[in-house]
Amino acid sequence: MRRICLKALAPLLAVGLFIGLAAPAVAENMAYDFEAEIPEAWSEDATHQVTGQSQVLGPFNQRNDDYPNKASLRIGKESQGRPLKVEFDLVLLGNWDSQGSKADSFTVEDGDGNELLKVEQFPCDLTDKDENLPEGTPGATKVGKRYMRHCVLHKSFVLPAGVEEIVFKGKTTGRRSEFWALDNVRLTAG
Ligand SMILES: [Ca+2]
Ligand SMILES: [Ca+2]
């Protein structure tokens, strides 16, 4: 009797297992570490090796014509109409300013320009406040002609159902001394 019950349960277990495995598959398809070729869903494909981090998408600076000013990610239909939790590492190169005349900001918008996230505080614990660190400083990364330290802010927000494009934008006062990049972007159904 017991054997029959188990046999009857087997298909149900298989379906349950399938559902269990299928659910996170969407999220797995939307995780980007930028270590290999950048998927076409991204508007930019330039990457940079950041010392002590890994390969990142970027760098970006909206005041410097040598670099792109934003990165957008097309979500398409993968979200299946559900809200998604979006997590990412915001890599700040140089000494970003939280206040004063040199204050910087970072925003994430949908494709229609609606704000999804705004970052105005950059609690970066730099050992040296000089934005133009000397060559050879441990941990410094070369961007353009300068070597600069970086810090990483882990950020997250909820992407409303139906949004099909995410736009990441920085607004720095520095043209050669402040850059941003993205790493470990991950979208999960929540
Ligand atoms: Ca990476
Ligand atoms: Ca600044």
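Mentor: What follows is a set of questions about labels and the values behind them.
Mentor: This is a predicted model, where local features need pLDDT of at least 70, side-chain atom pairs count only at pLDDT 80 or more, and totals for chains, interfaces and linings use all residues. Residues are numbered from 1 along each chain as its sequence is written, while chains are lettered from A and ligands numbered from 1 in the order in which they are written.

Trainee: What makes up the secondary structure of the protein chain?
Mentor: The protein chain has one helix and twelve strands. From the N terminus, the order is α-β-β-β-β-β-β-β-β-β-β-β-β.

Trainee: Why is N61 called buried?
Mentor: A residue is buried if 20 or more other C-beta atoms lie within 10 Å of its own, exposed if 12 or fewer, and partly exposed in between, with C-beta atoms placed from the backbone. N61 has 25 C-beta neighbours inside 10 Å, so N61 counts as buried. N61 lies in the loop between β3 (55–60) and β4 (70–74). Of the 190 residues of the protein chain, 25% count as buried.

Trainee: Which residues does N61 touch?
Mentor: Leaving aside residues up to four places away in sequence, N61 touches Y67, T172, R175, E178 and F179. A contact here means that two C-beta atoms, placed from the backbone, lie within 7 Å. For the protein chain, 73% of contacts between residues at least 6 apart in sequence join residues at least 24 apart.

Trainee: Why are A31 and N184 not called buried?
Mentor: A31 has 12 other C-beta atoms within 10 Å, so A31 is exposed. N184 has 17 C-beta neighbours inside 10 Å and therefore counts as partly exposed. A31 is in strand β1, and N184 is in strand β12. The C-alpha atoms of A31 and V185, 154 residues apart along the chain, are 5.7 Å from each other.

Trainee: What is noted about the phi of N184?
Mentor: N184 has a phi near 50 degrees, a positive value in a residue other than glycine. F34 is also not a glycine, and has a positive phi of about 60 degrees. F34 sits in the loop between β1 (31–32) and β2 (47–49). With 22 other C-beta atoms within 10 Å, F34 is buried.

Trainee: How do you know that β5 pairs with β10?
Mentor: Two strands pair if DSSP finds at least two bridges between them. Ten bridges join β5 to strand β10 (residues 150–159), and the two run antiparallel. One example is E87, which stands opposite S156 in β10. Nine bridges join β5 to strand β12 (residues 179–189), also antiparallel. There, K85 has T188 in β12 as its bridge partner.

Trainee: What makes β5 mostly covered?
Mentor: Seven of the ten residues of β5 (residues 84–93) are buried.

Trainee: What makes a group of residues a nonpolar core?
Mentor: It is a set of buried Ala, Val, Leu, Ile, Met, Phe, Trp, Tyr and Cys residues joined through C-beta atoms within 7 Å. The largest such core has 31 residues, and V91, L93, W180, A181 and L182 have the most contacts inside it. β5 gives the most to this core, with seven residues. L182 touches, among others, V56, L57, F88, V91 and F168, not counting residues up to four places away in sequence.

Trainee: Why are β4 and β7 called edge strands?
Mentor: The open sheet has four strands in the order β4-β11-β6-β7, with antiparallel pairing. β4 and β7 (115–119) are its edge strands, and each pairs on one side only. Neighbouring strands are turned by 15 degrees against each other on average, direction ignored. The axes behind that value are lines fitted to C-alpha atoms, for helices over the stretch in contact, and angles run from 0 to 180 degrees between N-to-C directions.

Trainee: What makes the bond from G58 to P59 cis?
Mentor: Its omega is near 0 degrees. P59 lies in strand β3.
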